[in-house]
Amino acid sequence: MGRFSSRLAPVFADFAGVEPGMRALDVGAGTGALTAELVRRDAAAGAIEPSPAFVATLRSRYPGVDVREGGAEELPWPDDSFDVALAQLVVAFMSDAPAAIAEMVRVARRVAVCMWGVAEVDMFRAIERTTETIGMARAAEPRRYRTPEEIHDLLAPHGDVESAELDVTAGYRDFDEFWRAMDRGVGPAGQWLASLEGDQRQRAYDELSRELGSPQGPFELKARAFAAAVTPA
């Protein structure tokens, strides 16, 4: 989903209201899809990420960003350190999302989060139907905080919530490029693919291609993220 995350970042930053000069925190930054957008907007950016390998990547790529290693549930910054704190595509993976949101509210004047839907993402739907058809289970994406209601309710204790649906599209030269992107073994879908061997891989290849319309050339996939933001009084 890397190319989708990169396309989502500017749309999400627009929704959150990130402007030049703002102090902006990327919570659960990963390899920096959103961090890159904050830097591009000339924000005074910070980032926190629990993976040491990703932290090293972030520090190498963005030397001007205040990158910390740690979890969202205990942010290592004083109160009101940022104008806005953003969590792009991570709340479903947090060990304690309500605690993390409370921490984001503590350190920032505005908080915004977003998560992909499930039925609203072409790739997820196609992979799920493929695994059902060929009878080869994959590691499931976490299903919590994947609906507008769940995202809204996560932020609601902290004030009036603004909600939005953020739509992005990513293109591929052909199905083989899509397959190679999945075959990197990243995320539940990639891990599922990496677990297949021999005839299993060929069956998955054929069925997934069929689910996506058997594209012979360039094609596009759509994805929708549900977003919410709160500015505590």
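Trainee: Where does Ser214 lie?

Mentor: Ser214 is in the loop between α9 (199-211) and β7. Keep in mind that this is a predicted model.

Trainee: Why does Ser214 count as partly exposed?

Mentor: Set the value against the cut-offs. Buried means under 20% relative accessible area, and exposed means over 50%. Ser214 has 35% relative accessibility, so it counts as partly exposed.

Trainee: And what is there to say about the phi of Ser214?

Mentor: The phi of Ser214 is positive, about 50 degrees, although this residue is not a glycine. In general, most residues other than glycine have a negative phi. Asp80 also has a positive phi, near 55 degrees, and Asp80 is not a glycine.

Trainee: Where does Asp80 lie?

Mentor: Look in the loop between β3 and β4.

Trainee: Why is Ser81 counted as buried?

Mentor: Ser81 is in the loop between β3 and β4. Its relative accessibility is 17%, and the cut-off for buried is under 20%, so Ser81 counts as buried. Beyond its neighbours within four places in sequence, Ser81 is in contact with Arg23 and Val107.

Trainee: What makes the link between the side chains of Asp79 and Arg106 a polar contact?

Mentor: The distance is one part of it. The side chains of Asp79 and Arg106 are joined at 2.8 Å, and the limit for a polar contact is within 3.5 Å. Asp79 is found in the loop between β3 and β4. Not counting residues up to four places away in sequence, Asp79 touches Arg106 and Val107.

Trainee: What about Asp83: is it buried or exposed?

Mentor: Buried. Asp83 has a relative accessible area of 19%, which is under 20%, so the word buried applies. Asp83 is in strand β4, and its side chain makes a polar contact of 3.5 Å with the side chain of Arg109. Leaving aside neighbours within four places in sequence, the residues in contact with Asp83 include Met22, Arg23 and Ala108.

Trainee: Why is Val111 called buried?

Mentor: The relative accessible area of Val111 is 0%, and buried means under 20%, so the conclusion is clear. Val111 is in strand β5. Among the residues it touches, not counting those up to four places away in sequence, are Ala85, Met104, Leu155 and Ala228. Val111 and Ala16 are 95 residues apart in sequence, but their C-alpha atoms are 7.6 Å apart in space.

Trainee: In what order do the seven strands form the sheet?

Mentor: The order is β3-β2-β1-β4-β5-β7-β6; the sheet is open and its pairing is mixed.

Trainee: What makes β3 and β6 the edge strands?

Mentor: β3 (66-69) and β6 (161-172) each pair on one side only. From one strand to the next, the twist averages 20 degrees.

Trainee: How do you know that β5 and β7 pair?

Mentor: Count the bridges. Pairing takes at least two bridges, and β5 (residues 108-116) and β7 (residues 219-230) have six, in the antiparallel sense. Along the way, Met115 stands opposite Phe226 in β7. Helix α6 (residues 148-155) packs on the sheet and touches β5, β6 and β7.

Trainee: Which residues have the most contacts inside the largest nonpolar core?

Mentor: Val91, Trp116 and Phe178, in a core of 84 residues. β7 gives the most to this core, with nine residues. As a general rule, nonpolar side chains tend to be buried together in soluble globular proteins.

Trainee: What is Phe178 in contact with?

Mentor: Leaving aside neighbours within four places in sequence, Phe178 is in contact with Met123, Tyr172, Leu208, Leu212, Phe219 and Leu221.

Methods. Residues numbered from 1 in each chain as written. Predicted model: local features only at pLDDT ≥ 70, side-chain atom pairs only at ≥ 80, totals over all residues. Heavy atoms only, no water. Helix = DSSP H or I, 4+ residues; strand = E, 2+ residues; numbered from the N terminus. Axes fitted to C-alpha atoms, helices over the stretch in contact; angles between N-to-C directions. Contact = heavy atoms within 4.5 Å. Core = buried A, V, L, I, M, F, W, Y, C linked by side-chain atoms within 4.5 Å. Buried < 20%, exposed > 50% of the residue type's maximum accessible area, 1.4 Å probe, protein only. Polar contact = N/O pair within 3.5 Å; in protein donor to acceptor, adjacent residues only side chain to side chain.
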